[in-house]
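Q: I have just opened this one and would like to go through it slowly with you. Could you look at it with me?

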Amino acid sequence: MSDEYDYESLGANASLSQDAMAGALAGIAEHCAMYPVDSIKTRMQVITTARPQVLATSALAHHSTVIVESTEASFKGFKTASRNLWRGVNSVVLGAGPAHALHFATYEACKEAFGANANGHHHLAAAAAGACATLAHDSLMNPFDVIKQRMQLGDSTYRSVRECARTVYAKEGVTAFYISLPTTLTMSVPFQSIQFATYEYFRKVINPTGDYDPKTHAIAGGLAGAIASSVTTPLDVVKTLLQTRGQSNDPRIRNASGLMDAVNIIKDRYGVRGFFRGFKPRVLTHMPSAAISWSVYEYFKWFISKESTSAIQDKNLLRL
């Protein structure tokens with residue numbers, strides 16, 4: 001019975017709201033599942049100034065007390081640190097739902113318009129559709145991403161998304177929410193173009209029939225996420241510096257005005273290696289998150305297509 005459902009035609013036959021709903025659920029699932037690893041990546045990428053060290057004499061004076069207290073503090077610190085890895089996740093939920101709804105709805109519409117749904121491999125058409133979807137997604141998501149990364153920092157004192165947004169706006173103005181948008185687009189357009197084109201390629205190679213197969217979507221999505229994130233890590237480091245500049249004690253970082261300023265700061269401080277800070281956590285984040293996102297999205301495509309087809313068949317039976 002399942003062979004009768006042509007779920008791959010959903011992009012052409014489904015309403016915009018159905019594409020958007022599948023995309024929103026996929027986006028929320030993707031970001032929430034890998035959020036702690038993304039927090040670690042952000043902290044690794046941020047350039048920090050040296051902090052003053054605690055004097056050793058004070059530790060020696062209370063040596064016996066410190067040993068007992070440090071054990072208790074370590075346990076409490078571990079619990080706090082684990083909890084802090086989830087700080088800012090509300091911003092992702094608020095932004096990822098609408099942004100990914102717009103993302104996948106735009107992708108499906110452009111993919112159909114550019115001819116990527118035709119038989120065979122159409123890398124340029126899929127990449128172009130992914131680029132268009134990214135422009136729509138990032139324009140909406142960028143302010144939420146700024147808030148998320150401000151709250152992910154280890155020394156962040158923000159207790160809520162609203163508090164963070166108000167403070168950033170009061171101190172830095174609206175510009176703070178969009179200063180990284182050109183860099184974000186410079187990174188995300190090639191990232192998503194590579195991811196969509198790679199995903200479509202692996203999906204058709206692994207499963208030429210195009211039938212719904214969860215394993216195919218997970219593998220193709222994971223490979224696409226790993227390849228795309230590897231290539232675009234340097235731009236992600238630049239984006240992180242711009243989005244978190246307001247939290248830095250370094251005057252040069254705080255006054256960074258755009259992509260080239262950020263590039264020069266990273267190059268001067270760390271050389272070429274600086275552009276690959278957080279490389280492993282980034283790949284470890286995007287590989288499973290892309291697999292989750294595509295798996296959830298393709299499932300809901302199949303589910304909605306199945307329900308739509310069943311409804312049409314029921315109507316035809318009633319007419320008979």
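Q: How do α10 and α11 run relative to each other, roughly parallel or roughly antiparallel?
A: Keeping in mind that this is a predicted model, helix α10 (residues 181–206) and helix α11 (residues 214–231) pack at an angle of about 150°, and because angles over 145 degrees count that way, α10 and α11 are roughly antiparallel to each other.

Q: How far apart are the axes of α10 and α11, then?
A: The axes of α10 and α11 are 8 Å apart, and the crossing of the two helices is right-handed.

Q: Which residues make the contact?
A: On the α10 side the contact includes Phe-191, Ile-194, Tyr-199 and Phe-202, while α11 contributes residues among them Ile-219, Leu-223, Ile-227 and Val-231. Taken by type, the residues of this contact divide into 12 nonpolar, seven polar and one charged.

Q: Switching to charges: how many salt bridges are there in the whole structure?
A: A search of the whole structure finds 13 salt bridges, and one of them is formed by Glu-172 with Arg-150, whose closest N and O atoms are 2.9 Å apart.

Q: Where do Glu-172 and Arg-150 sit in the chain?
A: Glu-172 belongs to helix α8 (residues 161–172) and Arg-150 to helix α7 (residues 123–152), so that this pair, 22 residues apart, links distant parts of the chain.

Q: And is Arg-150 buried or exposed?
A: Arg-150 counts as buried, because its relative accessibility is 0%, whereas Glu-172, at 22%, counts as partly exposed.

Q: What does Asp-236 pair with?
A: The side chain of Asp-236 meets that of Lys-239 in a salt bridge at 3.5 Å, N to O, and it also meets the side chain of Arg-282 in a salt bridge at 3.5 Å, N to O.

Methods: Residues numbered from 1 in each chain as written. Predicted model: local features only at pLDDT ≥ 70, side-chain atom pairs only at ≥ 80, totals over all residues. Heavy atoms only, no water. Axes fitted to C-alpha atoms, helices over the stretch in contact; angles between N-to-C directions. Helix = DSSP H or I, 4+ residues; strand = E, 2+ residues; numbered from the N terminus. Parallel < 35°, antiparallel > 145°, perpendicular 65-115°, else oblique. Left-handed = near helix turned anticlockwise from the far one by under 90°. Contact = heavy atoms within 4.5 Å. Nonpolar A, V, L, I, M, F, W, Y, C, P; charged D, E, K, R; others polar. Salt bridge = Lys/Arg side-chain N within 4 Å of Asp/Glu carboxyl O. Buried < 20%, exposed > 50% of the residue type's maximum accessible area, 1.4 Å probe, protein only.
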